Amino acid sequence: MKKETYLGVNVSALPEQAMLEVIKSRVQSGEQSTVIAVNPEKFIASQSNETLKRLINHSTFQIPDGIGVILASRLKGGTIRSRITGVDFMQKLLKLATIEGYNVFFYGAKEEVVSKAVKSAEDTYPGIQIVGYENGYYNDEDALIKRINELKSDMLFVAMGSPKQELWIERNMSRLNVKVFQGVGGSFDVLAG
Ligand code: UDP
């Protein structure tokens, strides 16, 4: 995958549409993909937090969520020109899921927030298959993994703040049949309005 590296942090250098195409073909071939938004907060924190740097660099896609990365790319002769926020990319993935018929699961945020976020996504993307959701304070990990797999979830959004959500994904992805994972921080709150 095309990447650029700034201060030891990898950032995907594919245009958004190309990333979505790669994700689609990885789903088809049964490969798992992880998406993380590299925003200024995470970029700075990763300079003194090796765990966060590892979580970013081990992700399949590091989306450029900040003007800093774009400026660095311009200065260093890279090709990254557009900012993509985590919530925007999530919306693109929800659209892809609707078109491709992927089953979606939402995990994270408070109960009233995640349930509203699910309703909002169902209104915005008619026909989307959101097969289940769970609030981010539920912590029976084994039961949740079993449920996500039983519901044949293909795409999982985890909203518990960073790096908690990325650590959860890293710890559990090998026993999940999910193909696309994104840690989305406060995005359920944004969707819930
Ligand atoms: N959250 C959660 N479980 C936790 C801690 C936080 O579900 O154990 C949720 C919280 O309710 C909120 C989101 O995670 O909806 C936190 O998002 P925040 O904006 O802090 O994340 P960031 O975007 O800064 O990574």
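1. A quick word on terms to begin: two strands pair if DSSP finds at least two bridges between them. Strands (E, at least two residues) are DSSP runs, numbered from the N terminus.

2. Please keep in mind that this is a predicted model, in which local features need pLDDT of at least 70 and side-chain atom pairs count only at pLDDT 80 or more, while totals for chains, interfaces and linings use all residues. Residue numbers start from 1 along each chain as its sequence is written.

3. Next, have a look at strand E7 (residues 155-159) and strand E8 (residues 180-183), which run parallel and are joined by four bridges. Here Leu156 stands opposite Phe181 of E8.

4. Strand E3 has parallel partners in E8, over three bridges, and in E4, over four bridges. Val35 stands opposite Gln182 in E8, and Ile36 has Gln62 in E4 as its bridge partner.

5. Why is strand E3 (residues 33-38) largely enclosed by the rest of the structure? Six of its six residues are buried (20 or more other C-beta atoms lie within 10 Å of the residue's own, with C-beta atoms placed from the backbone). Ser33, Val35 and Ala37 cover one side, and Thr34, Ile36 and Val38 the other; all are buried.

Definitions and conventions. A residue is buried if 20 or more other C-beta atoms lie within 10 Å of its own, exposed if 12 or fewer, and partly exposed in between; C-beta atoms are placed from the backbone.
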